[in-house]
Amino acid sequence: MIEVKNLRKIYRMGNEKIVALNNVNLTVDKGEICCLFGTSGSGKSTLLNMLAGLEKPTKGNIIIKKKNIETLSEVQLAIFRQKYIGFVFQSYNLLPALTALENVALPLIFQGVAQAEREKRARKILKEVGLSKRLHHKPTEMSGGQQQRVSIARAFVNNPTILFADEPTGNLDTATTLEIMDMITGIAKAHNQTMIIVSHDDEIAHYAHKVITMRDGNIENIKV
């Protein structure tokens, strides 16, 4: 599903050169749940951004569904993400003026899905994440855990092939963290979706089929 070859990312700050990723090689199979694990500054979030096409590599190849995504234009990348990729963020990234139902249905607008079908699919996935009674609540009317459930529903509403989750439980307490992780991984496994989670939390790593530990821009080890 995902193949990374000799991936390198260098940032320049004045005369200083910062190597964020140093010749990283990696493969992820369909239906696999992987955790990019490491401390702050290890390169895990940079790698996630590269895989999602949010940043271009300095060197190397990223092949997803047999496409070299580093060669795609911004427009092509946007279409590719729309069709195949879902995102869950630490900060939820919900639109405050929209209800839970409207936030979840939003990605389907860009796919040209008719309003009745958008609402039907949004209601179904919100029910799956336990929010059938919160459809018309706005983010400010919900707890952090409920907002993250909305974010998860939005990520899964278009049935993505790959889900990227960047510190998805970073703002949540331990009990809610386990609840959210059970939910995300449960949905992904049920639909045989590939999932890449970025975390520095041991509890999160336990949910993965493969834990890729990173340090100083390198893959230190891969534990299956």
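This is a predicted model: local features need pLDDT of at least 70, side-chain atom pairs count only at pLDDT 80 or more; totals for chains, interfaces and linings use all residues.
How many salt bridges does the structure hold? I looked that up first, and the count came to 5. The chain averages a pLDDT of 93, and 100% of the residues score at least 70. I found the lowest confidence in helix 7 (residues 202–205), with a mean of 87, and the highest in strand 4 (residues 59–64), at 96.

**Lys210 and Glu32.** I went to this salt bridge next; its closest N and O atoms are 3.3 Å apart. Lys210 sits in strand 9 (residues 210–215) and Glu32 in the loop between strand 2 (16–28) and strand 3 (33–37), so the pair ties together parts 178 residues apart in sequence. Lys210 is buried at 10% relative accessible area, and Glu32 counts as buried too, at 12%.

**Glu128 and Lys124.** Here I got 3.3 Å, N to O, for the salt bridge. Both residues lie in helix 4, 4 residues apart, which is about one turn of the helix. Glu128 is partly exposed at 39%, while Lys124 is exposed at 55%.

**Glu220 and Arg215.** I noted 2.6 Å, N to O, for this salt bridge. Glu220 is partly exposed, at 43% relative accessibility.

**Positive patch.** I then checked the surface and found Lys30, Lys65, Lys67 and Lys83 forming a positive patch. Lys67 belongs to strand 5 (residues 67–68) and is partly exposed at 40%.

**Gln111.** Last stop: Gln111 is in the loop between helix 3 (100–109) and helix 4 (115–128). I have it down as partly exposed, at 30%. Its C-alpha is 9.0 Å from that of Ile79, 32 residues away along the chain.

Notes. Residues are numbered from 1 along each chain as its sequence is written. Side-chain values use heavy atoms; hydrogens and water are left out. Patches are made of residues with over 30% relative accessible area and no salt bridge: like charges are joined within 9 Å, nonpolar side chains (Val, Leu, Ile, Met, Phe, Trp, Tyr) within 5 Å. Accessible areas come from the Shrake-Rupley method with a 1.4 Å probe; for residues, only the protein chains shown count as cover. A salt bridge is a side-chain nitrogen of Lys or Arg within 4 Å of a carboxyl oxygen of Asp or Glu. Lys and Arg count as positive and Asp and Glu as negative; His and the chain ends are not counted. The place of a charge is taken as NZ of Lys, CZ of Arg, CG of Asp or CD of Glu. Helices (H or I, at least four residues) and strands (E, at least two) are DSSP runs, numbered from the N terminus. Buried means under 20% relative accessible area, exposed over 50%, partly exposed in between (1.4 Å probe, protein chains only). pLDDT is the predictor's confidence in each residue, from 0 to 100.
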